[in-house]
Amino acid sequence: QVQLVESGGGLVQAGGSLRLSCAASGSTRSLNSMAWHRQAAGKQRELVAAISSGGSTNYADSVKGRFTISRDGVYNTVSLQMNRLKPEDTAVYYCNARTVRFGLTSNYWGQGTQVTVSS
């Protein structure tokens, strides 16, 4: 089992910045990729950014060039630096961790943190 605790959400004006952090604990030796997803009101959850255990990253087209995902393998944390925020970035942001153990993949989710961008 992996437990994920997010922090760093809040209210910011358009054009501003926020940094989200997620700390993983538990069976962290099995951690594979980590990611941030978001879910806006009335919409489906979507992938924002992901980072593999080797450091490879991928981003949703809507956040490329504005958001940066990073990972600390020693402390098992993943962060999302969000710059030039837009009102359409308003959503609940969820940390996700994937483990692979004995060939089986499991997904874990944090409780979510609200990001609100005012125009």
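Reader: How many aromatic pairs does the structure hold, and how do you know?

Author: The structure holds zero aromatic pairs, where a pair would need two rings of Phe, Tyr or Trp (for Trp, its six-membered ring) with centres within 6.5 Å, planes under 30 degrees apart counting as stacked, over 60 as edge-to-face and the rest as tilted. Please keep in mind that this is a predicted model, in which local features need pLDDT of at least 70 and side-chain atom pairs count only at pLDDT 80 or more, while totals for chains, interfaces and linings use all residues. Residues are numbered from 1 along each chain as its sequence is written, and side-chain values use heavy atoms, with hydrogens and water left out.

Reader: What makes R45 a charge that sits over the ring of Y94?

Author: A charge sits over a ring if NZ of Lys or CZ of Arg is within 6 Å of the ring centre and within 35 degrees of the ring normal. The charged end of R45 is 3.7 Å from the centre of the Y94 ring and sits over that ring. R45 also lies over the face of W109, at 4.7 Å from the ring centre.

Reader: How many helices and strands does the chain have, and what order do its elements follow?

Author: The chain has zero helices and 11 strands, helices being DSSP runs of H or I with at least four residues and strands runs of E with at least two, numbered from the N terminus. Read from the N terminus on, the order is β-β-β-β-β-β-β-β-β-β-β.

Reader: Why is the chain called as compact as a globular protein of its length?

Author: The radius of gyration, taken over C-alpha atoms, is set against the globule rule, which is 2.2 Å times the number of residues to the power 0.38. For 119 residues the rule gives 14 Å, and the radius of gyration of the chain is 14 Å, close to that value, so the chain is as compact as a globular protein of that length. Along its principal axes, the C-alpha trace spans about 45 × 25 × 25 Å.

Reader: Why is M82 called buried, and what does M82 touch?

Author: A residue is buried under 20% relative accessible area, exposed over 50% and partly exposed in between (1.4 Å probe, protein chains only). M82, in strand β8, has a relative accessible area of 0%, and therefore counts as buried. Contact means heavy atoms within 4.5 Å, and, leaving aside residues up to four places away in sequence, M82 touches G16, S17, L18, L20, R66, F67, Y93 and V115. Across the whole chain, buried residues make up 39% of the 119 residues.

Reader: What makes a group of residues a nonpolar core here, and which members of the largest one touch the most other members?

Author: A nonpolar core is a set of buried Ala, Val, Leu, Ile, Met, Phe, Trp, Tyr and Cys residues joined through side-chain atoms within 4.5 Å. The largest one has 28 residues, of which L4, M34, W36, L80, M82 and Y93 touch the most other members. Among the elements that give two or more residues to this core are β1 (2–7), β3 (18–26), β8 and β11 (113–118). In soluble globular proteins, nonpolar side chains tend to be buried together.

Reader: Is S79 buried or exposed, and how do you know?

Author: S79, which lies in strand β8, has a relative accessible area of 8% and is therefore buried. Its contacts, not counting residues up to four places away in sequence, include R19, L20, W36 and I69.

Reader: Why is L85 called buried, and where is L85 placed?

Author: L85 has a relative accessible area of 2%, so the label buried applies, and its place is in the loop between β8 (77–82) and β9 (91–101). In the loop between β8 and β9 there is also R84, which has a positive phi of about 50° although it is not a glycine.

Reader: Why is F102 called exposed?

Author: F102 has 76% relative accessibility, and therefore counts as exposed. F102 lies in the loop between β9 and β10 (104–109), and its phi is near 55°, a positive value in a residue other than glycine.

Reader: What makes Q114 partly exposed?

Author: The relative accessible area of Q114 is 39%, so Q114 is called partly exposed. Q114 is in strand β11, and the residues it touches, apart from those up to four places away in sequence, are G9, G10, T90, A91 and V92.
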